[in-house]
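Open the model in your viewer and turn on side chains. We will go from one selection to the next.

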Amino acid sequence: MVTQNADTATAALKSIVSDFEKQNPDITVDLQFRAVDAHKDALRTTAGSSSGPDIYYNWAGPGLGGELVKSGVSLDLSRYYQQYKWTDRFNASTLSAYTQYGGHHGLPWTQRTEVVYYHKDQFGKAGISAPPTTYAEWAAAAQKLKDAGLTPISMGGKDNWHVMRLLDTFIETNCGAELADKLNTRSASWAGQSCVATSFEQLKQWSDNYFNKGFAGLPQTEAGALFHTGKSAMQIEGDWFTQQNIDAGDDQDNVGVFPLPTGTGRLYGFSEGMYISKSSTHPDQAAKFLDYFTSAAVEGKYLGVFSSVPVNKDTTSANTPQPLNAQIAELAGKAKGFFLNNDQNFPTDVTTEYWRIQNGVTSGSIAPKEAGALLQDQQARTVPLALQAFQSQFASNYGQLNAFIIMSILPVLIVYLMFQRFFTQGALAGAIKG
C-alpha cells in the first residue's frame, strides 16, 4: 500500500488496522508500505498470482486501476456492495470510477485534488500581491519570481508524472475542457491541433526558464524537499502534500494554495480506491475490513490526513481541518468538475510515449510543434516502443507479443538468408591476409 511518504499517514494507517484487529481478533491485517513506483512494480509482478495481496490500493483511472480490472485481477464486489449497502455510502460521481467497467470493482478511499502550493513571502519579495487566476497572470508571476532571483517552481523530472502535471494543465488551459477530454480519451487526434503545439511550447518555456536546475535527474521527493525548505516558490501537488509539508516543518502561515488557473473551472485530480484481488482466499474478511476502513467514523477521525475531501456522504470531521486542506475542500465544492491525470487516462504504452515526447521537448530533442503528431502517429513508434502495446501496467499478452517479435525479425532474417553467401564471402575475404 502506498503511504504517500508522510509519517502521519503511515501512523494513521497502522492505527486503523490496530483498532480493526481489536474489534475482530480472528482477522489479522498485514499492512505493507511502498513508494509510488515500487508499488506499481509490485502490483505488476504479483498480479493474478497466488502471491498477490488480498487487498491492494490503486488509482481508479482507466490507465492504472482500469488496466488491472481489464486484466481480470480485480474481484467484482457487487455482492459486498449489496451486503454492506455501499451504494448508499458514496455519491454517484465518486462511484462512477468503480462501476465504469461493469459490476463494482474497488471501493472509494479518497478524492484527490491537485493545486499549486506557494510560499507567500517569496511571492511578496517578487512583488506578486495575489495568487494568479489566469494563465497569463501565472506566467507573469513565474517571470517575476525568476527576476527576483528565486526558483519559481520545483519539479522532479526523474518521476515523469511530476512534470506531466504541468503539461496536463497546459492542455486543459489551451484546448478547453471539451476538446481536452476528447484528446485525453483519444477520441480526437493530437495531430494538427494548435492548442497542443502551444501547450508543448509553454512546457519548453517553463522548463528552460522556471524549473529548478537539474530537474530532469531529480525525483519528486527531492523536489518536494526544495519546497519544504523554502528553496522554491511553487510546486504542483495534491492535498496529501499538506501533511508532508507540516511533517517537514514548513511554516504553515507562510504557505498558500491556489487552483491551477486553466480557465475551465475544473480542478485537477483523481480518485484512489481499495480493491480485492480475484485470487484472494479471504475475500469475506477483506470486505469486512474495507467496510470498516471506509466508514464515516474512521474517515471522520482521519479526515485531512489522507484527503481533504470526504468520499463517505455521512462523514463529519472529528478534528479541525488544517487551514490549507479547508481551502482545498472549499475549492472542490465550487469546482465544475475534475480533469484527470493523463497517466490515468492513457494505457501504459501511450503513457510511455507521452512521457518520452514530454521529455524530448524539455530536453530540446523534439520540437514542440511536432509533439502532437508524434503522439498521434502510432506508426512512428520504434519496435521497442511498439512492443509495449502488448503489455499493460499489470499484464502481458504473451501470445500476441511473441507473434509481433517474430514478425519484426522476419524481414531481417529473410534479407540475411537471401544474401547469406555474400555475408560469408565478405567475412572470409576480410579474414585472409595477403
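Which residue forms a salt bridge with E178? Select K182: the closest N and O atoms of the pair are 3.8 Å apart. This is a predicted model. Both residues sit in helix 8 (residues 160-184), 4 residues apart, about one turn of the helix. E178 counts as exposed, at 60% relative accessibility. K182 is partly exposed, at 37%.

Stay on helix 8 and pick D181. Its side chain meets that of R266 in a salt bridge (2.9 Å, N to O). R266 lies in the loop between strand 4 (255-258) and strand 5 (267-276), 85 residues from D181, so this pair links distant parts of the chain. R266 is buried because its relative accessibility is 13%, under the 20% cut-off. D181 is partly exposed at 34%.

Next, select D239 and R112. They form a salt bridge, with 3.1 Å between the closest N and O atoms. D239 is in the loop between strand 3 (234-238) and helix 11 (240-247), and R112 is in strand 2 (residues 107-119), so the bridge ties together parts 127 residues apart in sequence. D239 is buried at 2% relative accessibility. R112 is buried too, at 0%.

Now go to helix 17 (residues 368-376). Its buried residues are P368, A371, G372 and L375. They cover an arc of only 90° around the axis, so they lie on the same side of helix 17. Show helix 9 (194-209) and helix 16 (348-363) to see what they pack against.

Finally, zoom out. The chain has 20 helices and 6 strands. Of its 434 residues, 50% are buried.

Terms used
Residues numbered from 1 in each chain as written. Predicted model: local features only at pLDDT ≥ 70, side-chain atom pairs only at ≥ 80, totals over all residues. Heavy atoms only, no water. Helix = DSSP H or I, 4+ residues; strand = E, 2+ residues; numbered from the N terminus. Buried < 20%, exposed > 50% of the residue type's maximum accessible area, 1.4 Å probe, protein only. Arc of directions from axis to C-beta. Contact = heavy atoms within 4.5 Å. Salt bridge = Lys/Arg side-chain N within 4 Å of Asp/Glu carboxyl O.
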